[in-house]
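Work through the exercises below with the model in view. Try each task before reading its solution.

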Amino acid sequence: MSLPDYKSVGKPSSADVQLHSSIVQLNIGGHVYSTTLDTLRKIPNSKLAEMFRGPPNLRTDAEGRYFLDRDGTHFGQILEYLRMQTVPIHHVQEVYREAVFYDLKPLVKVLEEMPQLFGETVGRQQFLSRVPNYQENLEVIIRVARAEAIAARYSNVIICVLRSEEIVARYNDAMTSYNAEKESVVTFGPWKSPATVEEDLLDCIKMDIEAKGYRVSFQRHSTDKGFLFKSYDFFYKLTFKWW
């Protein structure tokens, strides 16, 4: 009687074992989590649930844990919501980004109603959507500032805020009287806006540039030099501090 060929029977991998267990080990960008398939599938039509609906088409690490090459810092708060419907109150924007990535629509909706995101999406982003070429102008500001940073601790960019068509004539007059040795000017507008729009817009510019890692400050542009004989109230100096 012949004996079974035990050499052909290999030891199952950790990933194979996970396929037949309700317990799942995850390695998300170096952060290790343990959870269950039921938790990961809690929101049926989500991207996260689809990842684990059948045999996961995911890489595994050396320990056999399913690996996602993504920052996993805030994934624990995602799991807490799926387990207990616990809504995060800290790092809301970061958790929101992860909820959007995993297509967890109920969590996305809850987070969008929180003050941290409601003010950003309904208030600030709606405001900025009315400012012509806002994102393009931010890129120009940074590009100009970097070009002027050679061997200098500071670089300056002049911001011009034209809050209405009525100011355009004054702007054209200002640029005509601008001295030859002038600093770079980046213009926002014109568009229909309230009289106090400058402060809101400047706050947004500062916030978005600093979010990219730069250190900046604003002040009204001094008109005692640069412009000849006249004063204009729609110019501001944005200063980048490099070191």
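**Exercise 1. Count the helices and strands of the chain.**

Solution. The chain has 10 helices and 8 strands. Helices (H or I, at least four residues) and strands (E, at least two) are DSSP runs, numbered from the N terminus. This is a predicted model: local features need pLDDT of at least 70, side-chain atom pairs count only at pLDDT 80 or more, and totals for chains, interfaces and linings use all residues. Residues are numbered from 1 along each chain as its sequence is written, and side-chain values use heavy atoms, with hydrogens and water left out.

**Exercise 2. Find what share of the 243 residues is buried.**

Solution. Start with the cut-offs: buried means under 20% relative accessible area, exposed over 50%, partly exposed in between (1.4 Å probe, protein chains only). By this rule, 38% of the 243 residues are buried.

**Exercise 3. Describe the largest nonpolar core.**

Solution. A nonpolar core is a set of buried Ala, Val, Leu, Ile, Met, Phe, Trp, Tyr and Cys residues joined through side-chain atoms within 4.5 Å. The largest has 28 residues. Leu26, Leu48, Phe52, Phe75 and Leu111 have the most contacts inside it. Next, see where its residues come from. Strand 1 (23–28), helix 2 (37–40), helix 3 (47–51), strand 4 (66–68), helix 4 (75–84), helix 5 (92–101) and helix 6 (105–112) each supply at least two. Helix 4 gives the largest share, 5 residues. Now take Leu26 and set aside its neighbours within four places in sequence. Its contacts (heavy atoms within 4.5 Å) include Leu40, Phe52, Tyr66 and Phe75. Finally, a second, separate core has 26 residues, among them Ile142, Val197, Leu202 and Phe240.

**Exercise 4. Classify the ring pair of Phe101 and Tyr102.**

Solution. Rings of Phe, Tyr and Trp (its six-membered ring) pair if their centres lie within 6.5 Å; planes under 30 degrees apart count as stacked, over 60 as edge-to-face and the rest as tilted. This rule gives 9 aromatic pairs. For Phe101 and Tyr102, the centres are 4.9 Å apart and the planes at 80°, so the pair is edge-to-face. Phe101 is partly exposed, at 28% relative accessibility. Tyr102 is buried, at 0%. Together with Tyr33 and Phe75, Phe101 and Tyr102 form one aromatic cluster.

**Exercise 5. Now classify Tyr134 and Phe188.**

Solution. Their ring centres lie 6.1 Å apart and their planes are at 50°, so this pair is tilted. Tyr134 belongs to helix 8 (residues 134–147) and Phe188 to strand 6 (residues 185–188). The pair links distant parts of the chain, 54 residues apart. Both residues are buried.

**Exercise 6. Which charged residues sit over the ring of Phe101?**

Solution. The test is that NZ of Lys or CZ of Arg is within 6 Å of the ring centre and within 35 degrees of the ring normal. The charged end of Lys47 sits over the ring, 3.7 Å from its centre. Arg70 also lies over the face of Phe101, at 3.7 Å from the ring centre.
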